[in-house]
Each structure stands twice: as structure tokens, then as C-alpha cells.
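Please read them with the structure open beside you.

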There are 2 protein chains.
Amino acid sequence: MSTQHVQRMSRLMAKTLREDPADAETLSHRLLVRAGYVRRSSAGVWTWLPLGKRVLDNVSRIVREEMDAIGAQEVLLPALLPKEPYEVSGRWSEYGDLLFRLKDRKGADYLLGPTHEEIFTLVVKDQCTSYKDLPVMLYQIQTKYRDEARPRSGVLRGREFQMKDSYSFDVSDEGLAESYRLHREAYVRIFERLGLDHRIVSAVSGAMGGSASEEFLAPAAAGEDTFVDCPSCDYAANTEAVTFALTPVSAEHPAIEEVDTPDTPTIETLAAHLGVPASATLKNLLVKVDGEITAVGVPGDREVDLGKLGEHLAPAVVELVTAEDFAGRPDLVRGYVGPQGLDKVPYLADPRVAPGTAWVTGANKADTHARNVVCGRDFEVDRYLDVVVVEPGDPCPSCGAGLRLDRAIEIGHIFQLGRKYADAFGLDVLGNEGKPVRVTMGSYGIGVSRAVAALAEQTADDRGLCWPAAVAPADVHVVAAGKAVPLALAEEAAAALAAAGHRVLLDDRPGLSPGVKLTDAELIGVPRILVAGRRSGDRVVELQDRAAGTREELPLDEALARLNAPAGQA
Amino acid sequence: MSTQHVQRMSRLMAKTLREDPADAETLSHRLLVRAGYVRRSSAGVWTWLPLGKRVLDNVSRIVREEMDAIGAQEVLLPALLPKEPYEVSGRWSEYGDLLFRLKDRKGADYLLGPTHEEIFTLVVKDQCTSYKDLPVMLYQIQTKYRDEARPRSGVLRGREFQMKDSYSFDVSDEGLAESYRLHREAYVRIFERLGLDHRIVSAVSGAMGGSASEEFLAPAAAGEDTFVDCPSCDYAANTEAVTFALTPVSAEHPAIEEVDTPDTPTIETLAAHLGVPASATLKNLLVKVDGEITAVGVPGDREVDLGKLGEHLAPAVVELVTAEDFAGRPDLVRGYVGPQGLDKVPYLADPRVAPGTAWVTGANKADTHARNVVCGRDFEVDRYLDVVVVEPGDPCPSCGAGLRLDRAIEIGHIFQLGRKYADAFGLDVLGNEGKPVRVTMGSYGIGVSRAVAALAEQTADDRGLCWPAAVAPADVHVVAAGKAVPLALAEEAAAALAAAGHRVLLDDRPGLSPGVKLTDAELIGVPRILVAGRRSGDRVVELQDRAAGTREELPLDEALARLNAPAGQA
């Protein structure tokens, strides 16, 4: 029984490497390979070696416990899925190259599941007939496939990866909101138990309602997502979801004055020519919204985020205007558009273009601009939209302090899907008034293998990996720093710890110097390291705390007592 | 904490069906679908609903514990595998249509792993450099893919399925034999713990050595394998591995006598014409072995198993002769071949054609047979081979009793691979004399999802599934057979059982009759059923043992005490 939890490094499939792998871009990629946790099989496809598999299992176990605790039921759906349901939803083609597609021996089309909304909808359609059968929440921890264009960063962004995906089914919007809340709280508990520093950010701006979709982000330099973070309050948001207040100002402004501005093709040259800051100029971007020419006004020092604009106006299609669009429109003078002359063109603007503010802008004449063009006096804004690219120092919408832009790894996503898939598959149940009720759904994901990488990113230091106890591949790393007496003492310590219920990694490798073993122990990152070295004859060992970097010499019995003490007292 | 282990059937995704699914051929297929354990996703691809997932997890846990106990290390390899290693081994083409093949967005070839010998060989080649790193045993419990021509029998033979595959790596044949022994013993413990009746049979006959490959078979009517079983002793074997003793007889026989036998195209007509049993005639099948015409002699009442013949003679290629092969061979009179005239043709024979036995056989003349053709007097056998199809009643090679032929499900296979893959990939380690040593391997598999089906086949009765406690989806099934008082008592019982550590399934479904609920409980097959019914007001419940079919009324407290008693005392 006791020896079952001692893993000897002399046999462990975890060859440590001194050098970083050539293709590793991120800390977690470098360290997980060097410490022998994972090995690359093909681009974006990884083998989990024993240490990695244990961390993956620890993460999965915590996810599973918290999903069970909110009453979600675990199932296992196939990864090999038939084409038809994904044709019904439209995703067979929408996914494009991201989908792995294949045919079976009879020529039938299949895909490798990237996410399973369609199939879960069909499962519930088969299983549930009455409102009494709902709500239900189902989940699985399963291998997913996405043929990423640039698989990279090790297991952070793979083409085959482990994911927990869950789905809720409710008969009412209030029910969906409750299922969403349960998931949100479970996710917070999961990431807290994992020891993952995280922020919850609204994933999209207004259109879908503030709480309809939130992302869980783990701040990390290696992250592919950028998010906005307030250093003074707890505000955090996806950069596309940041909103700014509209604050009208009241001030007296002189009348409009036209000025000659030849050779000022850019905002910078215009501002220099007139001796004003770029932020005093008003830039008017022309786009077509479902074919109709529309102007978008933003301060001259800001960029329009076309993605944000498209999301605000969806499902309308937004395109940039072309030279042809100016034909037959003498009111639109290219490069010199100003809102004060645009009668027939809808005018959208950033909240910074508030009523009462005055601007330098185009005079709707070649080589000419206008000063003192005042919003509300000289032009009207038809609709205010948050469309500028957020920049560091922009005021926090919550407290006004200057915002930070930080990098993060998306580790979770919760989403109120609504009736999209229920509509596609006709998922109704009999309501309590005897009539069919369309079901409303939520979908919720945690990247399990990605969470391992995110944890490595957040906790590693310059000596190697440094796992929180909850996910570490072992509880104690016992190092035999020497042959004979030290080895015997290390064996004794390992056996005693295993007997007390600890998972022990025992470095019993022959022929390696204590220095190499201790370097490896730091690289592997088990939270507590017990070293049997020179003073083994006196039964004195060294106890190291990997994260704190502290080390202390003490008698073996005392070290064992310390390690056996309940967590928090150690 | 306690309610965490109560699964309410009012919410459980396990819709029971009264009717068998139309396509179900086998008991396990019918019952696992009807009881709501699994649902078909596409041909041979299954969704595991919550009850099924729990059984699958219970089987996996037992497999994992026993693999860990022999020191095997758990890893997780990808299912999406690059083509190249399978080209090196030759299996990219050898697998034929059984392999799911696909391309990624760049056009690179991949396959979905049917089994992972190639990739494990590469992992060990990357990780191990010295004989000191060996032996190692690695395993994974993983989703496998095989594009079966006829996926059927539910999860018994799927195209996507769960398998435990493990691999051993040793520097010597003795080491391999030890790794094989460890696996064999672990498999016996696994199947015993699962409660699976099983036989270990030699998988192939002599050529590879008796212990080089063994199959674990679970006897079941739905099995696709036929095996030979002795009712008197513990002998069991794959039908292709049965061997019979060669027993020379000494007897006086008259001289050869030719007889006219016109119009006797078959053994039956010949035997009838001469008034002898078919077993007294000698049938001589002509084949080509690597192109050379060869005769195979077997008693006239037996069939030659061409598969067995091919295995005995491998790697030589065995083909049937064609009409063209008789051209220019006046010594070979088609339909009238006898071994007494075959000078230039090698003669292979079944051990029943023993020295001293006399036969009716062809006279090497048209329309003529010969009597009293004696083995050892009139012809010689060049080589004895076991090539006849085994039939019920054949003598047991061990005790001589009449053998039975039984159907079984192959649930495990252990195999001494030797150096095939190590040769293909150049897997050497530095030996203890400083020279490279080629590694020798074993591979070992357990069909985890198939074991679930095999268990269902072996344990189900005419009322439904009937799980052994070790794998059941719950420990106790509590049925509220009525509203109000019975429901309240059932809730109380479920909470008390959960608090005592039991996994409880609680049938709290409203609007169903006690009869429907009890029928469902028997269909679902949890070992112990506690029914709160008419006598709930007196706190009297009924306790049923699902397997024994016994039922007993007793006070709730006594029922709880009985259920809480350690196993064996219940």
C-alpha cells in the first residue's frame, strides 16, 4: 500500500533537459518540456508524460467536483461526430479550416468535435419531453480538436486538447440566468482551488446584455488576449467591452471659422499646421452600413476599432468606403469631411464627441478645415457608440483612474446561448400549460490542458515550475543527495511519507550529483522538497519550500511531523 | 456534502425505454439503451449518458489501480497521430480500411490511433538511453478509433471506444517474460474485481511459443469469438490453438485394394457407396505453398482450417490450387489423389492420420479409390500439423473429455511483441557492457468500454441489467413508491445513505406508478433496492437484492443498518 505512492525517479518517464526546446516561445512551453511533463507529438499535438498527466488529472478532479456540486451530470460524448447536425447549425462550413474533417470507409462525412452544442441539443431532445425534466446541466471532460492555423505555446494552444464543456437547458430566461449564475460561481471556486489568479471580464459589449457572456482570464505575459484592468478598483473588461461615459460640457465657443490647410494629408500634419493637439481634431471615418454611407466621428488621436463597430451594428454588414462610393456625391469631399455639412449621412460618434465640445474638422471643401465646430450647435450625433481602440491611461469607467492594458490567457468562458441551437434543432418541451415551450441554453467551457499551462505561467520562477499544492504531481519530493547513508535515509523518509498518505517523488537516481538532483527538483516544482544529504548520518535532513525558496535543516522526525501536519500548519 | 451523492431520477438523463431498439442484436446492446446508459451517435459511435459514464469510470478506476500496483506509469498520448511512424512500421497501409485517415489544413496526413505501439516506442526512444532506465511499463486509458466494416452489438464493437493499452520495455527476454507475467496477474485481478467470468486462452498455436500471446475471454452468447472449453478440466483455448496428440497404432491391415467408384463426387457419396463412415476416408487437399504444390491429408469427416494452415506455414504464402495447376501433372488426378502415389509432392497431415492407421483414399486414377492404404506402410507423412477445424466433442488435449465450443467476448489481450517495433525505430539503449542493446517490448490491452458490455451480457437477466457492486452506477436505488409519506421516507433514506458514504439513486419522479418505478429499478440494475411504499407510515420499507431476486420488509432503521454493514455482512 505505502510504496504505491512512491514514484522513483530512476524509473520515471520524465527526462529533464538542460536546454530550452528550440521552438518554445513561452515560459510554460519551455518549462513543461524541460521538466519532462509533456512532449510534442506533432504540431499542436502533445503527449502527457506521467508528471504532466498527474497535474492534468488534479485539475480535472477539481473541475469535476465543482461541476458535480452544482448538480451538473457527467456524460461522455464522442469526439468523432457526423456531419449532419453541424450542417443544420451551419457550423460545418462556418468553422472553415478550423475543423478537422474526415470520411469513413463508406465515404460518409465526419468531423472531430471542436465543441458540442449540436450534439448536446440532440441528446436533450431525445431525453427530455416535459418542462418537468428541466432544468438540466450536463458536462464532459473530453478531448477536443481544432486545426489552428498557428498552433503554438505548447499545450496553451493545441490542436488536440482537453476541455470541460457543459451545457444548461432551461424553459425560461430566468432559469437560464440561474444556470449561468451557478456556473459562474462554480468557475470562481474552481480557479480559486487551482490557485489561478483570474479576472472575470464581460466578453462583448452592450448588444447582447452585460452578463450574457463572460470570460475568465488568467493574467500572464504569454497570454494571447489583451484586457483592460484598473489599478485602483476591481474593474476589468475585454478591450472590446470597455464603455465610456457621455459627459456633455457647457462652454461658449466662437463661431465656425474656415482655415486653408493645404498639404495636411494626415491628422498629425493638420495638428502641427494649426498648432493644436491631435485630440482637438475630429476624424470622420466613412463606412457603408448595409450599403448606406455612414460617418463615424472620433477624436483625431484615437483609432476606430472596426471589430467593435461591426459588433455594435450586427447583423448589419459594415464595409469601408471605396473611391467609387464618392462618385456622384459632391457633398462628400474626400479627406475634408466634417459633420456640420452632412445632411443625408447618418452620423455615429464616440462618447468623447459630447454635446458642447468644439473641434477642428473638415470643412467639406478641398484643402480646407473648420475650427470651432461645436457638437449640438453645428452638428448632431445620431447615435453614440464605443468604437475606439482602448489605450493605456484611458479613464476607468468605474472609478476614473487610468486603465492598464494587460495580457491574459482565456481559461474559461460562460455564455448564455439563448435559443439559437434549440431553434435549429426544434428543441421544445411540453410546458406547464400543455403547449410546447422552446428551450433556452447556456454553454460553458474550461480549457483543462490550457489551465495547466496558465498555472505554469503564473507560478513558475527563474528556477523552474512551482505548483500550488492542489495540482502538484506529488506532495513531497525526496532527494537522496548521496549514496549509501543519504539514500537509505531518503528511502526511509519516502516510505514514511507514503505511509502517511503523501504522494512522494523519490529521486533515487544513481550517478547524479546532489547539485543536478536539486536543480531538477527546483525545475520539477513539487511544493516541498526533503533532502537527505551530508548530515544523513545524524538523521538530519533539509526541508525546502519551493515557492518561498526557504530551506531549513532539522531532524528527519521533525521534518516528517512538519510535513504530516494539516495544511496551513506546515 | 451528503446530497452530493444522491442522484435524483427526476433530473437524471436516463430515459428508460419499454421497447428494444430496432437495431439491437445483443442483450447488452438492448439493455444498455433501454436502461438509459448509452445512446447511439452514429454507426458504432456512442454517447455515454450519466449512468453509463459511472460504470465506465468504475471499470477504469479498477484498471488504473491494478496497473499502478504493478508499477506501470500512466500517460496520455494523442489520438490524432502523424502518418510517418505508421509508415515506418508498415501499418499505415496494412490496416487498410480499418484506419480513420485525415488531412490537416496544410494537407499533412494523420490517422486516429487504433493502438499506439509506434508512438510509445518513440516516447521511450526519446526518454531512455541506458539499460538503467529499463524496465519500464507505460499505460493509458484512452479513446481509440477503428473503422470497423460492421460496427454492431452496441458498445461491444464500436468505431470509437475506450481502451487501456500498455507497453513494456525490457533489455532481455527474461525481463519481457517478467513484464508479461506482471500484466497477466494484474489482468486476472482486474477481471476478478470487476466480477467478469473469464478464461485465459493461448491466442495462437505453436509457432510463437505458448505464452507469447494470450487472450482473456468473457464467455457470453453475444461473443464474436469461439473458444474451446473442457467441461472436465480447466483447459481452454482459442480454437486455432488447440493441438491433438499424435498416437501411432499398431494393427495388421490387408493389402491395398482398388475399387471402382464412379459417381462419387463427394466424401458423403463415396462413404455411402463403400458402406464406410466418412471418418474412415482420407481427404487430400491440394494447396500451393510459396508456389509449390503440397497435399494436406485429413480424415474425410473433418474440414481443413485454412487460417490455421496459413499460420503454421507463415511467412510462406498458402493458396488453393486452380485447374491450371493440374496441367502437365498426370500424377495428380483431380478428385482421386491418394498419398500412396505422390512421390514429388510434400505431404502434410493431421495427427489423426497417425502411423498404422488405414484409410480409403484416391487411387490416383479416374473413378477409382483404394482401400487399406496404411500410413507408414503405403505412404509417409512429411510433417504433422493441427489444421482441422475443432468440433464439439473432440478430445480435450489435457484430460481427454469431450470439448465444448463456446462463444466469448475478447476483453483482454497480452502479447510479447519482441523486437518488431524496436527494430523498426532503432530503439536501443546502452547496455551494461557499454554496447547498444536492442529493446524488447510487450503490448497489453483491455477493452474498457467493451468490458462494460461484457459485464452487462454476463450479469443481466430477463428483468434487466444486474451489476456487480464494484461497477454499479450507484450503491443503492431508493424508490419512492408513492407520494407524500413514501416520498418523504425515501428522501430520508436517501439522505441517510448518502451521509453514510453510499452513492444513491433516488427515484423521486412524480406521476409514475410504483410498478413502473420498480420495473425501471430492475432494468437499471443497481445491486440493492430500497422501496418506500404502502407501509411508509409505519417506517417499514422493502429491501430487494437485485441479483438474488429476494425481497424483505423491515423497519427503515434496520434496512439502513443492513446496508451500512461492511460488504459480506449485508
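1. A polar contact is taken here as a pair of N or O atoms within 3.5 Å; within protein, one atom must be able to donate a hydrogen and the other to accept it, and residues adjacent in sequence count only if both atoms are side-chain atoms. On that basis, 32 residue pairs, with both residues at pLDDT 80 or more, are in polar contact between chain B and chain A.

2. Some conventions come next. This is a predicted model, in which local features need pLDDT of at least 70 and side-chain atom pairs count only at pLDDT 80 or more, while totals for chains, interfaces and linings use all residues. Residues are numbered from 1 along each chain as its sequence is written, chains are lettered from A and ligands numbered from 1 in the order in which they are written, and side-chain values use heavy atoms, with hydrogens and water left out.

3. The interface deserves attention. Counting contact as heavy atoms within 4.5 Å, chain B contributes 62 residues and chain A contributes 62 residues. The area buried between chain B and chain A, that is, the accessible area (1.4 Å probe) that two parts lose on being put together, summed over both, is about 5,100 Å², and carbon and sulfur atoms give 55% of this area. Of the area that chain B buries against chain A, Met13(B), Arg105(B) and Gln127(B) supply 15%, more than any other three residues.

4. Charged pairs also cross the interface. With a salt bridge defined as a side-chain nitrogen of Lys or Arg within 4 Å of a carboxyl oxygen of Asp or Glu, there are six salt bridges between chain B and chain A, and the count over all chains comes to 106. One of the pairs joins the side chains of Asp104(B) and Arg159(A), at 3.0 Å from N to O. Helix 2 (residues 50-69) of chain B gives six residues to the side of chain B that touches chain A, the largest share; helices (H or I, at least four residues) and strands (E, at least two) are DSSP runs, numbered from the N terminus. A salt bridge also links the side chains of Glu74(B) and Lys53(A), again with an N to O distance of 3.0 Å. This pair runs between chains, from strand 4 (residues 73-74) of chain B, which holds Glu74(B), to helix 2 (residues 50-69) of chain A, which holds Lys53(A).

5. Which strand order does the open sheet of chain B have? Its five strands follow the order 17-15-16-18-21, with mixed pairing, where two strands pair if DSSP finds at least two bridges between them. Strand 17 (318-320) and strand 21 (383-384) of chain B are the edge strands, each pairing on one side only. Within this sheet, strand 16 (residues 292-299) and strand 18 (residues 347-349) of chain B pair in the parallel sense over three bridges, and Gly297(B) has Ala349(B) in strand 18 as its bridge partner. Helix 8 (residues 306-313) of chain B lies across strands 15, 16, 17, 18 and 21 of chain B and runs at about 145° to strand 17, the axes being lines fitted to C-alpha atoms, for helices over the stretch in contact, and the angles running from 0 to 180 degrees between N-to-C directions.

6. In chain A, an open sheet of five strands with mixed pairing has the order 17-15-16-18-21. Strand 18 (residues 347-349) and strand 21 of chain A pair in the parallel sense over two bridges, and the bridge partner of Ala349(A) in strand 21 is Tyr384(A).

7. The peptide bond from Leu134(A) to Pro135(A) is cis, with omega near 0°, and Pro135(A) is found in the loop between helix 5 (117-127) and strand 8 (136-145) of chain A. Asn364(B), in strand 19 (residues 358-365) of chain B, has a positive phi of about 60° although it is not a glycine.
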